[in-house]
Amino acid sequence: MASPGDPPIGRQEDSAMVRQEDSAIVRLTDVHKSFGATEVLRGISMNIAKGEAVCVIGPSGSGKSTLLRCINGLIPIDRGEIHVGPHAVHRLKSDKDMIALRKDVSIVFQQYNLFPHKTALQNVMMAPIHVLRENEREVRERAIALLTKVGLAEKQDAYPGELSGGQQQRVAIARALVTTPSIVLADEPTGNLDTRTSIEVMSIFQHLNRDRGITVLLITHERDIAEYADRIITCRDGHIVTDTPVAVRRIAEDELKALPIEVGA
Ligand code: ADP
Ligand code: MG
């Protein structure tokens, strides 16, 4: 029996919830999105804490890409709220607000989405120079450092068509990082890559997350890729059906060391 001196249970739970939400860098509340008569997101709520690495998995057509595009403000939602850091994404209207969001949140796509007539270096430099109007010399230095970090120092003048899929994805990751975002979103970033290259790309995401504290939200339909994250959220038919921590997180770097060296690689 509760006595008058006991703390009010309901209020305690409320304050715990508020604390959890306070530490969240991504906060979705009852997000709905339809395309015509097709309701794709049917009330999605989730919190992602700063520094977390979260994977969203689910079958094709379950609304994963739509969810990511809504978080990045690429498509407007019909109902609900999306907060990303200081940005109330569901209310953003002006280009200026959108640019501020894009500086904080980068996205990497399955198809890399590089400009084919620009070199690797030019692709990485584009947004800071043309959108953010930053100083070209500083951007160039940062872009070269990032390409070096992803193992492409020698390829900075190559065009996307001269690069392998894994190399193109690394350019796309360098491009995502050049704006020094606090969050990186990735939509099936290993979808076109073989096993070894997938692990290499996941090792870059893990490095960003574990060593640089960047929050990572990654979409995949492969469960084994999802196990590089801290937490796996499963979507089905526009709903979240499970949200569970990963008991034993895979470590891409260790796995790469254990893989046999490929002959001729
Ligand atoms: P997933 O990434 O999980 O495969 P998507 O978010 O791409 O799923 O798509 C979910 C559903 O929304 C699909 O039925 C797809 O056809 C539909 N859809 C996605 N984008 C659009 C759009 N721009 N216009 C109309 N329908 C869309
Ligand atoms: Mg998709």
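**The open sheet and its surroundings**

A: His32 has Arg79, in strand E4, as its bridge partner. This is a predicted model, in which local features need pLDDT of at least 70 and side-chain atom pairs count only at pLDDT 80 or more, whereas totals for chains, interfaces and linings use all residues. Residues are numbered from 1 along each chain as its sequence is written, while chains are lettered from A and ligands numbered from 1 in the order in which they are written.

The pairing of E1 with E4 (residues 79–84) is antiparallel and comprises 5 bridges. Strands here are DSSP runs of E of at least two residues, helices are runs of H or I of at least four, and both are numbered from the N terminus; two strands pair if DSSP finds at least two bridges between them. In general, strands of a sheet pair through backbone hydrogen bonds, either parallel or antiparallel.

Strand E1 (residues 24–35) also runs antiparallel to strand E2 (residues 38–49), to which 9 bridges join it. Within this pair, Ala24 is bridged to Ala49 of E2, and Phe35 lies opposite Thr38 of E2. The two strands make a hairpin with 2 residues between them, and Gly36 in its turn has a positive phi of about 60°.

E4 in turn pairs with E5 through 2 bridges, again in the antiparallel sense. His83 stands opposite Ala88 of E5. Here too the strands form a hairpin with 2 residues between them, in which Gly85 adopts a positive phi near 55°.

Taken together, 4 strands make up an open sheet, ordered E2-E1-E4-E5, with antiparallel pairing. Its edge strands are E2 and E5 (87–88), each of which pairs on one side only.

Phe35 and Thr38 belong to the group surrounding ligand 1, together with Val40, Gly58, Ser60, Gly61, Ser62, Gly63, Lys64, Ser65 and Thr66; a residue is included if its C-beta atom, placed from the backbone, lies within 6 Å of the ligand. E2 and helix H2 (64–71) each contribute at least two residues to this shell, and H2 gives the most, with 3. The shell consists of 2 nonpolar, 8 polar and 1 charged residues (Ala, Val, Leu, Ile, Met, Phe, Trp, Tyr, Cys and Pro count as nonpolar, Asp, Glu, Lys and Arg as charged, and the others, Gly among them, as polar).

Of the 265 residues, 35% are buried, that is, they have 20 or more other C-beta atoms, placed from the backbone, within 10 Å of their own; 12 or fewer count as exposed, and values in between as partly exposed.

The largest nonpolar core contains 67 residues, and Val124 and Ala174 have the most contacts inside it. Such a core is a set of buried Ala, Val, Leu, Ile, Met, Phe, Trp, Tyr and Cys residues joined through C-beta atoms within 7 Å. Beyond its neighbours within four places in sequence, Ala174 contacts Val124, Ala143, Leu146, Leu147 and Val150 (contact requires C-beta atoms, placed from the backbone, within 7 Å).

How values were computed
Two residues are in contact if their C-beta atoms, placed from the backbone, lie within 7 Å.
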